[in-house]
Amino acid sequence: MSMVVTDPIADFLTRIRNALIAKHDTVSIPFSKIKKAMADILVDEGYIANAEEVIDENNHKNIFITLKYGNKYERVINNLKRISKPGLRIYCGHEDLPKVLGGLGIAIVSTSKGVMTDKMARKAAIGGEVLAYVW
């Protein structure tokens, strides 16, 4: 029996956060296009080692994420924070996109051209829904 997740993106971030706290090497997350897009951004930005689509024995699609740690097992990701929530959506124009920790972190933004980082959205001059901060 599976739980109904009301906020799949918050669930995605929480699973990664919990896996990092427990020092797991990998974490498996139920698949969705937006979560895969977010995972790909985390790979591109160097926050996680890998994210691949896998199909488990029950024929469910999952995203299998390989986490990344520093030399002494210190976390590469210090925190993940959900910004836009189902009850309170946060939208920004490209000129108002937040800079996370003065540019040290990233904001993940869902735009009309797909999911991208705040830097990419600013460059493309498109705003969107601010999904999460990662630093």
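Which residues does Ile 65 touch, not counting residues up to four places away in sequence? Ile 65 touches Phe 12, Ile 16, Asp 25, Thr 26, Val 27, Ile 29, Ala 39, Ile 48, Asn 50 and Ala 51. Contact here means heavy atoms within 4.5 Å.

Some ground rules. This is a predicted model, where local features need pLDDT of at least 70, side-chain atom pairs count only at pLDDT 80 or more, and totals for chains, interfaces and linings use all residues. Residues are numbered from 1 along each chain as its sequence is written, and side-chain values use heavy atoms, with hydrogens and water left out.

Now the overall fold. The protein has three helices and eight strands. Those are DSSP runs, numbered from the N terminus: helices are H or I with at least four residues, strands are E with at least two. Along the sequence, the pattern reads α-β-α-β-β-β-β-β-β-α-β. Among contacts between residues at least 6 apart in sequence, 62% join residues at least 24 apart. The C-alpha atoms fill a box of roughly 45 × 35 × 25 Å, taken along the principal axes.

Next, the interior. Buried residues make up 37% of the 135 residues. Buried means under 20% relative accessible area, with a 1.4 Å probe and protein chains only. A nonpolar core is a set of buried Ala, Val, Leu, Ile, Met, Phe, Trp, Tyr and Cys residues joined through side-chain atoms within 4.5 Å. The largest one has 26 residues, and Phe 12, Ile 16, Leu 42, Ile 65 and Leu 67 touch the most other members. Several elements each supply at least two residues, including helix 1 (8-21), helix 2 and strand 3 (61-67). Helix 1 gives the largest share, six residues. Apart from this core lies another, of 10 residues, among them Ile 83, Val 109, Met 116 and Ile 126.

On to helix 2. This helix covers residues 33-44, and its buried residues are Lys 35, Lys 36, Met 38, Ala 39, Ile 41 and Leu 42. Just after helix 2, Gly 46 takes a positive phi of about 85°.

Ser 84 sits between strand 4 (80-82) and strand 5 (91-92). Ser 84 counts as buried because its relative accessibility is 0%. A polar atom of its side chain lies 2.8 Å from the backbone nitrogen of Ile 90. Leaving aside neighbours within four places in sequence, Ser 84 is in contact with Arg 89, Ile 90, Glu 129, Val 130 and Leu 131.

Note on methods
Expected span 1.5 Å × (residues − 1). Buried < 20%, exposed > 50% of the residue type's maximum accessible area, 1.4 Å probe, protein only. Polar contact = N/O pair within 3.5 Å; in protein donor to acceptor, adjacent residues only side chain to side chain.
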